[in-house]
Amino acid sequence: MNGDILDRMERAVAKVRKRLLRATSALNQIGVPYAVVGDNAVASWVATIDEGAIRNTRDVDLLVRRVDLPAVTVALEQAGFVAGELLDVVMFRDGPEGKPSEAVHLLFAGEKTRPDHLLPAPEIVTVGDPANFHVIILDSLMEMKLMSNRDKDRTHVRDMIGVGLIDASWLAKLPPELAGRLKQILDTPDA
């Protein structure tokens with residue numbers, strides 16, 4: 001490794017933050033409902049308790065209404081993003097050379113994100129973030145993470161458990177099929 005590796009690490013995190021703020025600012029300007037979801041939402045919630053427990057991410061996930069897609073597209077394109085789709089995911093790359101893995105990815109409220117998901121994505125209900133973007137409420141974020149149920153999603157649930165945002169009392173709040181997934185995570189904290 002060369003000496004600039006720490007600088008590269010810091011730049012990578014800063015680029016995601018700038019991308020998040022640029023995208024949400026564009027949506028704030030047009031007044032469409034949206035919610036920051038995914039890894040950035042987990043980071044926002046975890047940061048309310050312990051900033052040292054935050055994980056970095058490469059992309060930005062936003063929950064929007066499908067009816068707002070034309071307005072969202074115009075706003076994000078005016079902010080320098082390039083619209084596209086890959087594997088049925090609507091995304092906005094950060095400029096013509098932007099990578100899909102680092103893009104702004106859209107999920108649609110009330111629609112299944114993937115065909116194998118048990119439930120559709122939640123409606124847009126948010127809390128304000130001091131950075132002036134709208135983050136999905138914790139209940140909805142938890143359901144989305146349990147629905148996706150990938151290794152990284154289970155890790156994010158463990159992060160939220162680790163800082164005290166989630167505990168066994170949540171089992172009664174969740175649909176039974178998702179409560180079972182949370183119970184398994186609670187029962188295997190070091191998995």
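Predicted model: local features only at pLDDT ≥ 70, side-chain atom pairs only at ≥ 80, totals over all residues.
Reader: Are the axes of helix H1 and helix H3 parallel, antiparallel, perpendicular or oblique to each other, and what is the angle at which they cross?
Author: The axes of helix H1 (residues 5-30) and helix H3 (residues 69-78) come within 9 Å of each other. H1 is oblique to H3 because the two axes cross at roughly 125°.

Reader: Which residues of H1 and H3 make the contact, and how many of them are nonpolar, polar or charged?
Author: The crossing of these two helices, H1 and H3, is right-handed. On the H1 side the contact is made by Ala23, Ala26, Leu27 and Ile30, and on the H3 side by Ala71, Val72, Ala75 and Leu76. Divided by class, the contact of H1 with H3 has no polar and no charged residues, and the nonpolar ones number 8.

Reader: Which residues of H4 and H6 make their contact, and what is the angle between these helices?
Author: In the contact of H4 with helix H6 (residues 176-187), H4 contributes Met142, Glu143, Leu146 and Met147, while H6 contributes Leu178, Arg181, Leu182 and Ile185. These residues divide into 6 nonpolar, no polar and 2 charged. With their axes 9 Å apart, H4 and H6 pack at an angle of about 80°, which makes H4 roughly perpendicular to H6.

Reader: Which residues of H5 meet H6, and is the crossing of the two helices left-handed or right-handed?
Author: The axes of H5 and H6 lie 10 Å apart at an angle of about 65°, and the two helices are therefore roughly perpendicular to each other. Arg154, Val157, Arg158 and Ile161 in H5 meet Leu182, Ile185 and Leu186 in H6, a set that divides into 5 nonpolar, no polar and 2 charged residues. The crossing of H5 and H6 is right-handed.

Reader: How many cavities of 30 Å³ or more does a search of the whole structure find, and what is the volume of the largest cavity?
Author: Rolling a probe the size of a water molecule over the atoms shows where empty space is left. Applied to the whole structure, the search finds 1 cavity of 30 Å³ or more. The volume of the largest cavity is about 40 Å³.

Reader: Which residues line the largest cavity, and which element gives the most to the lining?
Author: The lining of the largest cavity is made up of Asp39, Val42, Ala43, Val46, Ala53, Ile54, Arg55, His156 and Asp159, and two or more of its residues come from each of helix H2 (38-47) and helix H5 (151-162). By class, the lining residues are 5 nonpolar, 1 polar and 3 charged. With 4 residues, the element that gives the most to this lining is H2.

Reader: What is the volume of the largest pocket, and which element gives the most to its lining?
Author: The largest pocket holds about 770 Å³ of space, and of the 34 residues that line it, Val89, Leu106, Leu107, Thr113 and Arg114 are the closest to its centre. Strand S3 (82-86), strand S4 (89-93), strand S5 (104-108), helix H4 (138-148) and H5 are the elements that give two or more residues to this lining. Its classes are 16 nonpolar, 6 polar and 12 charged residues. The element that gives the most to the lining of the largest pocket, with 5 residues, is H4.

Reader: Which residues lie nearest the centre of the second largest pocket, and from which element does the largest share of its lining come?
Author: The second largest pocket has a volume of about 500 Å³ and is lined by 23 residues, with Leu20, Asn40, Ala43, Ser44 and Phe133 nearest its centre. Two or more lining residues come from each of H1, H2 and strand S6 (126-128). By class, this lining has 14 nonpolar, 6 polar and 3 charged residues. Its largest share, 6 residues, comes from H1.

Key: Residues numbered from 1 in each chain as written. Heavy atoms only, no water. Axes fitted to C-alpha atoms, helices over the stretch in contact; angles between N-to-C directions. Parallel < 35°, antiparallel > 145°, perpendicular 65-115°, else oblique. Left-handed = near helix turned anticlockwise from the far one by under 90°. Contact = heavy atoms within 4.5 Å. Nonpolar A, V, L, I, M, F, W, Y, C, P; charged D, E, K, R; others polar. 1 Å grid on protein atoms, 1.4 Å probe; cavity = no way out; pocket = protein on both sides within 12 Å on 5 of 7 lines; lining within 4 Å. Points joined across faces, edges and corners; volume = space filled by probe spheres on them.
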